[in-house]
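Subject: Structure handover

Hi,

My notes follow below it.

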Amino acid sequence: MNTMRRFPADRRFGRAGFLGAGFLRGRVLRAGFLRSQPVLAALAMAAGIACLAPVASAQENHAAASGEASQSEAPHFPIEHPKQASWSFSGPFGHYDKGQLQRGLKVYAEVCSACHSMKLVSFRTLGDLGYSPAQVKAFAGNYKVQDGPNDEGEMFERAAIPSDYFPSPFPNPQAAAAANNGAAPPDMSLLAKARGVERGFPQFIFDIFTQYQEGGPDYIYSLLTGYRDAPKGITVPEGGHYNPYFVAAASLAMPPPLSADQVTYDDGSPQTVDQYSRDVSAFLMWAAEPHLEERKRTGFMVLVFLLIFTGLIYLTKKSVYARKEPDAAPQRG
Ligand code: HEC
C-alpha cells in the first residue's frame with residue numbers, strides 16, 4: 001500500500017506500468033553508494049569542474065603566451081573595461097534606429113572604408129536601412145571592384161553593383177599591413193560580434209539577468225573615443241598609439257580616425273567624435289547582426305509559448321497524479 005501511495009502511476013497504468021517503474025527504481029538504487037544524495041551532488045560537481053578545467057587552462061596558456069610575447073616586445077598598457085553606452089538595440093525589445101544606422105553608414109563610407117573592408121556585407125542589404133533600390137544602386141556605384149577574367153583573360157575593374165560586397169581598399173593583407181605600420185586593418189563585417197571583452201566580477205553576473213549583449217559596440221565606441229596621451233612611465237612603440245581599451249596587441253596601430261566636423265550630418269545630429277563613434281558602432285552591430293530584431297522578437301514569442309506550455313504541463317500533471325476515487329470512475333458492465 002505504501003508503494004502504491006508513492007507511485008500512484010503504477011496503479012493507473014496497471015501491471016506493465018508497475019514493472020516499468022520498478023525496473024527504473026531498481027536500476028537507480030542498485031548503483032550502491034550512488035544512492036546517497038551528497039555523493040551524487042559531489043559527483044556532479046566533479047564532472048562540472050572536469051568540463052571547465054580545459055577552458056581554464058587554455059585561458060592560462062593564452063595569458064602565459066601573451067605575457068611572454070609582451071615581455072619580449074613591449075609591455076601591454078593597462079586595459080580598461082569598455083564604457084557602457086546606451087543603445088536602441090539593447091534589451092528584449094531592442095530595435096535598430098534607422099537614422100542612426102544611416103549616419104553610421106556615412107561615417108563608415110567616408111572614413112573607415114579607406115582602410116577597413118566589409119567583405120560579408122553586400123550593398124543590397126542597405127535596403128534594410130531604409131534606402132530605395134535606386135539609392136542603393138547609386139551608392140554601390142561609388143565603389144570599384146575587381147571582376148573578370150574577360151575574353152582576353154584579363155582581370156578588370158568595374159563600378160560595383162548592389163550584389164557586390166564592400167571591397168577592401170588594399171589588394172591583399174600584406175599590402176594592407178605594409179601601409180599601416182605592420183598591422184592589417186581587420187575586416188569589419190563581424191567585428192562588433194568578434195570583440196567580446198571581459199566585464200569582470202561582479203558585472204558579468206548581473207549581465208546574465210540584464211541580457212547584456214552589447215559588448216562589441218561598447219568596445220568599438222570606447223576604442224574610438226579612448227585615444228589619449230600615454231601616462232608617465234609608459235613608452236608607446238614607434239607608429240603605435242596609446243589607447244587603454246585596445247585588447248588585441250600591445251599598442252594600437254590605427255591612428256585616431258575621427259575628428260569633430262569630419263563628416264557632415266544632414267539630420268542635425270551633433271558632429272562630434274562621440275556621436276560619430278556611437279553611430280558607426282551601431283552601424284557595425286547591424287552589419288554583424290542584421291537580423292537582431294527578428295531574433296529578439298522570436299525569442300520573446302518562444303518565452304511566452306514556454307510560459308503557457310508550463311501552465312498546461314502543470315495542469316496535466318495535477319490531473320494525472322490526482323487522487324481519483326474508484327467510485328468516481330464510470331461503472332463497468
Ligand atoms: C588609416 C587607416 C584606418 C582607418 C581610416 C580606420 N582604421 Fe580602424 N584599424 C586600422 C588598423 C591598421 C587597425 C589594426 C590595429 C592593430 O591591430 O594594431 C585597425 C583596427 C580597428 C579596430 C579593431 C581593434 C581590435 O580590437 O582589434 C576597430 C574596432 C577599428 N579599427 C575601427 C575603426 C573605425 C570604426 C573606423 C572609422 C571611423 C576606422 N577603424 C578607421 C586602420 C584604420
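Which residues of the largest nonpolar core touch the most other members? They are Ile220, Val280, Phe283, Leu284, Met285, Trp286 and Ala287, out of 36 residues in that core. A nonpolar core here is a set of buried Ala, Val, Leu, Ile, Met, Phe, Trp, Tyr and Cys residues joined through C-beta atoms within 7 Å. Buried means 20 or more other C-beta atoms within 10 Å of the residue's own, with C-beta atoms placed from the backbone.

Before you go further, this is a predicted model: local features need pLDDT of at least 70, side-chain atom pairs count only at pLDDT 80 or more, and totals for chains, interfaces and linings use all residues. Numbering starts from 1 along each chain as its sequence is written.

α11 (273–288) supplies its largest share, nine residues. α5 (98–110), β1 (118–122), α8 (191–194) and α10 also give at least two each. Val280 touches Gly104, Val107, Tyr108 and Cys112 (C-beta atoms within 7 Å), leaving out residues up to four places away in sequence.

Now the ligand. Its shell holds 26 residues (C-beta atom within 6 Å). The closest are Cys112, Cys115, Asn180, Ala253 and Met254. Helix α10 (residues 215–224) gives the most, three residues. By type, the shell has 23 nonpolar residues, two polar and one charged. Nonpolar covers the core residue types plus Pro; Asp, Glu, Lys and Arg are charged; the others, Gly among them, are polar.

Overall, the chain has twelve helices (DSSP H or I, at least four residues) and four strands (E, at least two). Buried residues are 18% of its 333.

Best wishes

Key. A residue is buried if 20 or more other C-beta atoms lie within 10 Å of its own, exposed if 12 or fewer, and partly exposed in between; C-beta atoms are placed from the backbone. Two residues are in contact if their C-beta atoms, placed from the backbone, lie within 7 Å.
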